Amino acid sequence: MTKDLKLVGNDYNIALFIFFPSYIVFEIPANILIKRLAPSTWLAGIMVCWGLITIGQGFVTTKGGLFAMRFMLGFFEAGFFPGCTYLIAMYYKRYELQWRLNLFFSGSILAGSFSGLLAYGIAHMNGIHGYSGWRWIFIIEGIMTVVIAIACKWLIVDWPEKAKFLNDEEKKMLVARLTADVADARMNRLDKPAIKRIFSDWKMYVGTLMYLGVVNTGYATSFFTPTILTELGYKAEAAQVRSIPIFIVAAVMCLIVAFCTDRLRHRYAFCITGICVATCGYVMLLCQHRIPVGARYAAIFLIVSGGYMCQPVTIGWLQNTMGGHYKRSVAAAFQVGFGNMGGIVASNIFITKQAPAYRTGYGTSLGLLWMCALACTGFLIGLMIENRKRDRGERDWRLDTPEADNLGDDHPHFRFTY
């Protein structure tokens, strides 16, 4: 691609970066729209759109065309991840949620494995009908996305109260058990007091810092694992194949953590454990001139597995602390949207002239991981303090306010999980 489109210097990094402005800006509007539409229609629709854009990337002839396609890809993909997070969160109690979120999240992890295998196979189509192998990767993956998206219109469920696979009695039972889990933490009106309450909530900002710190690792490894493996001495095709087991191991670790964190009803320790595992990998790569190639390969396993042990837990944890339809919707979009500034960082810190050491890339990623650890610690302490205040009755005055029926997680009866 770099040769055919005459990409020089940091052009490739720009192509990665330009995805994120449109992705970040459209997150919150997208999650407000999904509240007003059927999730099956909205999610399937934006999937079709980004599938078509992906096909378009296979036909671009200039770097300007690539940049435009990447920008539009961010626009249409923005509503998917927070929308799915929001939809899943509306079906499960708080200590049932992490397992379901991680099952969904493992799809994106395994995509890193599957895409390596797919890219390896499609690369052998180089020259067919005059198209380079990299073009066929975009064309075929885009077509697959459109076909799956059309099927998803009939596969994706809608909101619990409108779900066609539940009868009236089951709908009432589901709503009742979810209501019991969050006490009176409802926010079903998006009026001015509710908007003020949402955007003045410190949890949303600290939760975003948590996600930003760890998502950088997720993006960095997705962008550069094949490149790093090539720099370690493997040929391009061999590097694609060797990236496959990395993501399979990460998916397994992600699911193990999900089971344990729901079973033990605890989030914080699992975030810190993942950060410590990834830290070991980054330290090994920062000292890579002192260790053999095999150890550097093992370091990538630690980084990817550690990152994905922590990343989905930060999403589930924030959702656990939010009450009400609109509060959860905006919080999911805000965290994923602005947290994805970590992706902007990831696409600019692996500087070509620093290969294969990438000291800026590894050092920055390690620093952001520990920013995540600090944010998780602050989040834990803040939740503990707030629960104690509610236990002492210091928030009961809110029951006498005009918006007492629309407080969300500010309701005095709501208790936070950690």
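Tutor: Consider Q319, which touches T85, A89, L97, R328, A331 and A332, leaving aside residues up to four places away in sequence. Contact here means heavy atoms within 4.5 Å. Q319 is found in helix α15; helices are DSSP runs of H or I with at least four residues, strands are runs of E with at least two, and both are numbered from the N terminus. The model is predicted, so local features need pLDDT of at least 70 and side-chain atom pairs count only at pLDDT 80 or more, while totals for chains, interfaces and linings use all residues. Residues are numbered from 1 along each chain as its sequence is written, and side-chain values use heavy atoms, with hydrogens and water left out.

Student: Is Q319 buried or exposed?

Tutor: Buried means under 20% relative accessible area, exposed over 50%, and partly exposed in between, with a 1.4 Å probe and protein chains only. Q319 has a relative accessible area of 1% and is therefore buried. C49, in helix α4 (residues 39-57), has 27% relative accessibility and so counts as partly exposed.

Student: How is the packing of two helices described?

Tutor: Two packed helices are described by the angle between their axes and the distance between the axes. The axes are lines fitted to C-alpha atoms, for helices over the stretch in contact, and the angles run from 0 to 180 degrees between N-to-C directions. Helix α14 (residues 268-286) and helix α18 (residues 359-391) pack at about 165 degrees, with axes 10 Å apart. Angles under 35 degrees count as roughly parallel, over 145 as roughly antiparallel, 65 to 115 as roughly perpendicular, and the rest as oblique. Helices α14 and α18 are therefore roughly antiparallel to each other.

Student: Which residues make the contact of α14 with α18?

Tutor: Among them are Y268, C271 and I272 of α14, and R359, Y362 and G363 of α18. For classes, Ala, Val, Leu, Ile, Met, Phe, Trp, Tyr, Cys and Pro count as nonpolar, Asp, Glu, Lys and Arg as charged, and the others, Gly among them, as polar. This contact of α14 with α18 has 18 nonpolar, four polar and one charged residues.

Student: How does α15 lie against α18?

Tutor: The axes of α15 (residues 293-320) and α18 come within 13 Å and cross at roughly 25 degrees, so the two helices are roughly parallel to each other. C310, W317 and L318 of α15 meet C372, C376, F379, L380 and L383 of α18. By class, this contact of α15 with α18 has eight nonpolar, no polar and no charged residues.

Student: What is the handedness of the crossing of α13 and α15?

Tutor: A crossing is left-handed if the near helix is turned anticlockwise from the far one by less than a right angle, and right-handed if clockwise. The crossing of α13 and α15 is right-handed, whereas α15 passes α18 in a left-handed crossing. The axes of α13 (residues 244-264) and α15 come within 8 Å and cross at roughly 35 degrees.
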